[in-house]
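Colleague: I'm new to this one, so please walk me through it slowly.

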Amino acid sequence: MAASSVLFCNPLSALRRRPTAVSAAGFPRPLTVATPLPRSVFLRPGLRSSTNLLLRSSSPPRTSIRDVDSPADEPPPVGEDSALFQLENQKLSSWLYFSVILGVVLFLLNLLWIDNSTGYGKAFVDSLSAVFDSHEVVMLMLILVFATVHSGLASLREAGEKVVGERAFRVLFAGLSLPLAVSTVVYFINHRYDGTQLWQLQSVSGLHEVLWLSNFISFFFLYPSTFNLLEVAAVDKPKMHLWESGIMRITRHPQMVGQVMWCVAHTVWIGNSVALAASVGLIAHHLFGVWNGDRRLAARHGEAFEAVKERTSVVPFAAILDGRQKLPKDYYKEFLRLPYLTITAVTLGAYFAHPLMQASSYGLHW
């Protein structure tokens, strides 16, 4: 759901009187594993209560590291294990399709939006600049347009997928959201030092290092669905997942928390009215996403979402501190996964590529 962040079960299977395959953290393995996930994740809300009782009474207890380290009365997970990537379950053909789709998307994005000689990106930004004489207002309007399209289409996802299908709706969603996100990011890069200087703290010793670390950590708060690249590109059929492990133990809305961290770090460092306006707009959009995301998950997953909501929190660490969320002793293993290693590499690469990104943005004259 993020503006600046750019942007994974098996249906009703017969109940089995044997342990369900689980990961080291006690979560159901992905769909490619033969043993099905708990039925309660997939049943309609009205059937989950009775099915949960049947599962608890008829299925033997599952054994895992989490079962050993956690209290005996801790309820089993009903959501999915986030950021799980298993190489043996990947298909080469799927990633070839992904590469082709990515190439086509980037080509069309450049042709129809970025390239000033053929695209409409500059005309879009110029039209807003012609109406509003303030960089701060233009910045806010760009975020407002993006947020309206992005969150609006997300709200219409349930109905839209019934009409055109999951893949077609994802193409529509990305096709409209991505160009608007690019315009917003480029305008921020080009005008981040415009406007009124409100404070100047860049000479404070150690501040750059603190803000850099905060900004680096913020990218580990990406929403887990972002890691499902094959679903993002509609190679696999997109699904509305209910995640429960990893970063979700810290906060149920990691994208919002990460965006706040990013905004605070950049606003403190830049210290002017344009950076402040961008942060206000982005944070407001993500706060709306907190309410809208919970509403959509509740509508899709019913009682399963209510169970996840009960043992998670919006405010980071709140559920842990008040005892509703108990971290397994090997919690760190939920981050020792390929998606987070990739985030580390990409975030560091993006930092060192800042001069190239800035030069590319300046060349567009948006």
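Modeller: Before any single residue, one term: a helix here is a DSSP run of H or I that is at least four residues long, and helices are numbered from the N terminus. Please also keep in mind that this is a predicted model.

Colleague: Okay, then how many helices and strands does the protein chain have?

Modeller: The protein chain has 15 helices and zero strands. One of the helices is α7, which covers residues 166-191 and holds Thr184.

Colleague: Is Thr184 buried or exposed?

Modeller: Thr184 counts as buried, because its relative accessibility is 8% and the cut-off for buried is under 20%.

Colleague: And which residues is it in contact with, leaving aside neighbours within four places in sequence?

Modeller: With those neighbours set aside, Thr184 is in contact with Met139, Leu142, Ile143 and Phe146.

Colleague: Which residues does UniProt list as "transmembrane region"?

Modeller: The unreviewed UniProt entry lists residues 95-114, 137-156, 168-190, 210-230 and 335-354 under that name. I would treat that as what the record says, and put the model beside it for two of the spans. Residues 335-354 are 80% helix and 0% strand, with their end C-alpha atoms 26 Å apart. Residues 210-230 are 52% helix and 0% strand, and there the end C-alpha atoms lie 35 Å apart.

Colleague: Where is Ser225 found, then?

Modeller: Ser225 is found in the loop between α8, which covers residues 207-218, and α9. It counts as partly exposed because its relative accessibility is 22%. The C-alpha atoms of Ser225 and His241 are separated by 7.3 Å, with the two residues 16 apart along the chain.

Colleague: Changing topic: what about the phi of Ala83?

Modeller: Ala83 has a positive phi of about 60°, although it is not a glycine. As background, most residues other than glycine have a negative phi. Ala83 lies in the loop between α2 (65-69) and α3 (92-114), and with a relative accessible area of 3% this residue is buried. Ala234 also has a positive phi, of about 65°, and is not a glycine either. Ala234 sits in the loop between α9 (229-232) and α10 (254-270), where it is buried with a relative accessible area of 10%.

Colleague: Which are the buried residues of helix α12?

Modeller: In α12, residues 303-310, the buried ones are Ala304, Phe305 and Val308. Seen down the axis of α12, they fall within an arc of 95°, so they line one face of the helix.

Colleague: Now charges: how many salt bridges does a search of the whole structure find?

Modeller: The search finds nine. In one of them Arg300 pairs with Glu161, with the closest N and O atoms 3.7 Å apart. Arg300 lies in α11 and Glu161 in α6 (residues 157-164), so this pair ties together parts that are 139 residues apart in sequence. Glu161 is buried, at a relative accessible area of 12%, whereas Arg300 counts as partly exposed at 25% relative accessibility.

Colleague: And what does Asp294 form a salt bridge with?

Modeller: Asp294 forms a salt bridge with Arg252, and here the closest N and O atoms are 3.0 Å apart. Because Asp294 lies in α11 and Arg252 in the loop between α9 and α10, the pair ties together parts that are 42 residues apart in sequence. Both Asp294 and Arg252 are buried.

Colleague: Last topic, the outside: which residues form a nonpolar patch on the surface?

Modeller: That patch is formed by Leu140, Leu198, Trp199, Leu201, Val204, Leu276 and Val280, which together have about 540 Å² of accessible area. Val280 is found in α11, the helix of residues 273-301. For the protein chain, the accessible surface comes to about 18600 Å², and 69% of that belongs to carbon and sulfur atoms. Buried residues make up 44% of the 366 residues in the chain.

Terms used:
Residues numbered from 1 in each chain as written. Predicted model: local features only at pLDDT ≥ 70, side-chain atom pairs only at ≥ 80, totals over all residues. Heavy atoms only, no water. UniProt positions renumbered as here; feature names shortened; annotations may be inferred. Helix = DSSP H or I, 4+ residues; strand = E, 2+ residues; numbered from the N terminus. Buried < 20%, exposed > 50% of the residue type's maximum accessible area, 1.4 Å probe, protein only. Areas by Shrake-Rupley, 256 points an atom, 1.4 Å probe, with all protein chains shown as cover. Patch = residues over 30% accessible without salt bridge, like charges linked within 9 Å, V, L, I, M, F, W, Y side chains within 5 Å. Salt bridge = Lys/Arg side-chain N within 4 Å of Asp/Glu carboxyl O. Contact = heavy atoms within 4.5 Å. Arc of directions from axis to C-beta.
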